[in-house]
Amino acid sequence: MQIVEKKELCNGCRACEQICPEKCIHMVRDEEGFLYPYIMQDKCIKCGKCKKICKAVELRSAENLKICYAARTKNNKICMNSSSGGVFYVFASEVIKKGGVVCGAVYDENYYVYHKFAESIDDLWDMMGSKYAQSDTKNTYEKVRDFLKDGRLCLYSGTPCQIAGLTSYLGYEDEKLICLSIICHGVPSPLVWEKYLDLQKGRYGEAKISKINCRDKYWGWRNCSLKIEFMKYTYHEVYTEDLFMQGFIENLYLRPSCYSCRAKGEKQRADIIIGDYWGIEEYHPELDDMRGVSAVIINSQKGKCFFDDVKREFKLVLSRYEDIMKENLVVEYSVDINEKRKEFFNEFNLTGQVDISIRDNLKEIVNESTRRHYQYPFIMKYLENKTQKKELCGFLNAIGLQKIALYAITEFTDLVYNDLFNSSSEIQIVYICDKNYRKFPNGFHLEKVIGIEELLKQYKDGKIDGVLNCSIFHENEVFRELISQGIQPKHIVSIVDCIYWGF
């Protein structure tokens, strides 16, 4: 028998399962990929603890001090490997140094997300970074209780509902437990995540993934990207162009409880809340850079004492709750349900084709204004290189390219064309290529625009020896397309690589 009458009332925290004295509750994955508790009736003694603890999730709140900071670790390596400002790693390493334990979300060998304990600083690397699927807490609440009984300091990191589940399970305050929650948009379906990874494996013809970074900062913190590394190939796409991330942003396959979350606002149980400080350039520009900045909201006196012990490790500015909230409304409010959510899961469960199901039920979210906003840092870096007398043609010469085709007509194509055309080097722009070449009947800078079929012919005939891809939004998609058409990887150069690693 299912414990909850409506799925939107269950966040899957497992508190009911772990509180059961007879262990007669087991978690079952539904057709959407989310875990729900079911009671084995033949073992149930009707004690009612499971339903009491579920109701307790929304009955108590933390102190809600709302002391706020903008923070970034002083260690650039840690910052670049984190989702925002590296705050979690600093907190967690402090607990480890004091002989405590840390519980946070990690990937298993199949990139299923679950909660795990760390007792060494080396183990913290796996916990860093965002994971965009609901984490399975397993039996971590029971283990936290045991650690606390042994008198050990414990840091538990999770979503607000997971923190609420833990504190309800314990039923008491413990000075040695630090609860750390993330600013949570909602948790995507683990099943959709698994099928998406299977899709990427199929595209690359590889059975095993070696590493995943859902918030890679190669193109900067604001323009973060999903990076999936295989043995031979790498998928790397900015989040505004990645299909899975678009579906997440549009609330297409979040857990039903996320649309009416019982653990937000005044019901937050965490001692400290952390997340991205969006809008930092407006409120605290002195901390703003491409590496990322964290918003820190201190909720309890216990959290304040802990933060005071580690704040020396941060570049830190006192901030305001209202400023953090302006770009992080999900601290207090649930996201709206996508009107096509039901249609998505119907199609997904019927066909099993995750990419088509997302695309069919996703509205266009990347408009021209958004594209220009995210291209701005790259254009500024390009112009900065020019002021430092760095030459794009020098980089292309160094890698042995002389006769090139510019692929994709973008803002960068105009910059690149003018710079190479006016250069005294031997670099020649032989062709301009765009997959929508028919949209340019008058050419580009009076040059004829060709399609990819013509480009391939000219490459095979030796008319060009390389392709410079001028698109930053479809970098990997273009790379895969050109390789599939027979162009050698060493003859394909990205404008992003030129800007940040060569030019």
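Me: Where is the place of K66?

Reply: K66 sits in the loop between α2 and β3 (67–73); helices (H or I, at least four residues) and strands (E, at least two) are DSSP runs, numbered from the N terminus. The model is predicted: local features need pLDDT of at least 70, side-chain atom pairs count only at pLDDT 80 or more, and totals for chains, interfaces and linings use all residues. Residues are numbered from 1 along each chain as its sequence is written, and side-chain values use heavy atoms, with hydrogens and water left out.

Me: What is phi of K66?

Reply: Phi of K66 is near 60 degrees, a positive value in a residue other than glycine. K66 is partly exposed, with a relative accessible area of 24% (buried means under 20%, exposed over 50%, partly exposed in between; 1.4 Å probe, protein chains only).

Me: Which residues of helix α18 are buried?

Reply: An α-helix has 3.6 residues a turn, so residues three or four places apart point the same way. In α18 (residues 475–484), the buried residues are E475, N476, V478 and L482. Seen down the axis of α18, they fall within an arc of 160 degrees, so they line one face of the helix; the arc is that of the directions from the helix axis to the C-beta atoms.
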